[in-house]
Amino acid sequence: MSIRLKKANKHYQSGEVTVHALKNADLAIENGEIAVILGPSGSGKSTLMNIIGGIDKADSGQVEVEGNSLHSLQEKKLVEFRRKTTGFIFQSYNLIPVLTVKENVEAGAEISSRPLSVQDILRSVGMEDKADMLPHQLSGGEQQRTAIARAIVKNPQLLLCDEPTGALDEATGKKILALLQEINLTYKTTIIIITHNQGIAEMGHRVIRMKSGEVAEVKVNSSPLQAEQVEWV
Ligand SMILES: Nc1ncnc2c1ncn2[C@@H]1O[C@H](COP(=O)(O)OP(=O)(O)OP(=O)(O)O)[C@@H](O)[C@H]1O
Ligand SMILES: [Mg+2]
């Protein structure tokens with residue numbers, strides 16, 4: 001799915017304070033790319049991702065996903081579009097606490113018209129042995145891997161990953177990144193990865209740096225590294 005942002009702005013109001021979280025953001029991501037977003041805490045990375053995914057709305061400017069202007073879609077159409085096309089790995093996981101690992105992943109598969117095998121994906125993220133446990137019985141990294149499985153099993157055209165390896169050690173993190181790369185290659189999935197890990201940027205076809213709400217730099221990388229080769233920093 002191709003993505004276009006033109007002069008996109010987002011303000012948040014909390015009490016007396018207004019935060020300009022996204023400032024005149026211009027950005028293009030092409031279909032089938034892995035785009036990596038870097039930037040300090042508070043620089044607008046999650047805001048940008050939420051706007052691309054249609055769970056938040058820019059208050060001015062244009063946001064297009066595969067030629068669809070998200071602004072002009074009515075709420076109901078937007079929800080449907082998102083459900084059909086987009087998978088989210090949230091920074092805070094957002095697992096459903098009363099469902100087991102397997103049931104959480106099944107929930108991802110159920111809303112898709114072309115899901116992958118729940119069993120295969122549980123195995124790929126190394127969670128098959130814990131399939132019947134509840135989220136509160138899991139370590140942070142295990143919760144993160146469950147959230148990743150739930151997003152991947154849907155086999156979305158656009159996969160938005162907010163710090164997908166933040167809670168993982170190097171070996172597990174690289175396995176997950178290799179899985180994302182394999183999915184990108186197999187299904188031509190457009191994948192956006194937010195990370196603080198500079199090494200992971202080497203995997204991206206496109207590397208985007210955010211600074212104080214601005215898209216400060218975009219670099220195209222003609223020879224991305226394999227996940228196994230990235231330096232873990
Ligand atoms: N719902 C909200 N209400 C009020 N302010 C918000 C909201 N969401 C984000 N912000 C503010 O917008 C700015 C950008 O936040 P954002 O979550 O996009 O940063 P980030 O780059 O993802 O940071 P991190 O690396 O810490 O996750 C921050 O100053 C944050 O406080
Ligand atoms: Mg964030």
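Author: What follows describes the sheet, its strands and the nonpolar core.

This is a predicted model, in which local features need pLDDT of at least 70 and side-chain atom pairs count only at pLDDT 80 or more, while totals for chains, interfaces and linings use all residues. Residues are numbered from 1 along each chain as its sequence is written, and chains are lettered from A and ligands numbered from 1 in the order in which they are written.

Six strands form an open sheet with mixed pairing, in the order 6-7-8-3-9-10; helices (H or I, at least four residues) and strands (E, at least two) are DSSP runs, numbered from the N terminus, and two strands pair if DSSP finds at least two bridges between them. Strand 6 (86-89) and strand 10 (214-220) stand at the edges, each with a single partner strand, so one side of each is left without a neighbour in the sheet.

Within the sheet, strand 7 (residues 158-162) and strand 8 (residues 190-194) run parallel and are joined by five bridges, and Leu158 has Thr190 in strand 8 as its bridge partner.

Leaving aside its neighbours within four places in sequence, Ile192 is in contact (C-beta atoms, placed from the backbone, within 7 Å) with residues including Ala35, Ile37 and Leu160. Ile192 and Leu160 are also among the residues that touch the most other members of the largest nonpolar core, which has 60 residues. Such a core is a set of buried Ala, Val, Leu, Ile, Met, Phe, Trp, Tyr and Cys residues joined through C-beta atoms within 7 Å, where buried means that 20 or more other C-beta atoms, placed from the backbone, lie within 10 Å of a residue's own. Helix 5 (residues 140-153) gives the most to this core, with six residues.

How values were computed:
A residue is buried if 20 or more other C-beta atoms lie within 10 Å of its own, exposed if 12 or fewer, and partly exposed in between; C-beta atoms are placed from the backbone. Two residues are in contact if their C-beta atoms, placed from the backbone, lie within 7 Å.
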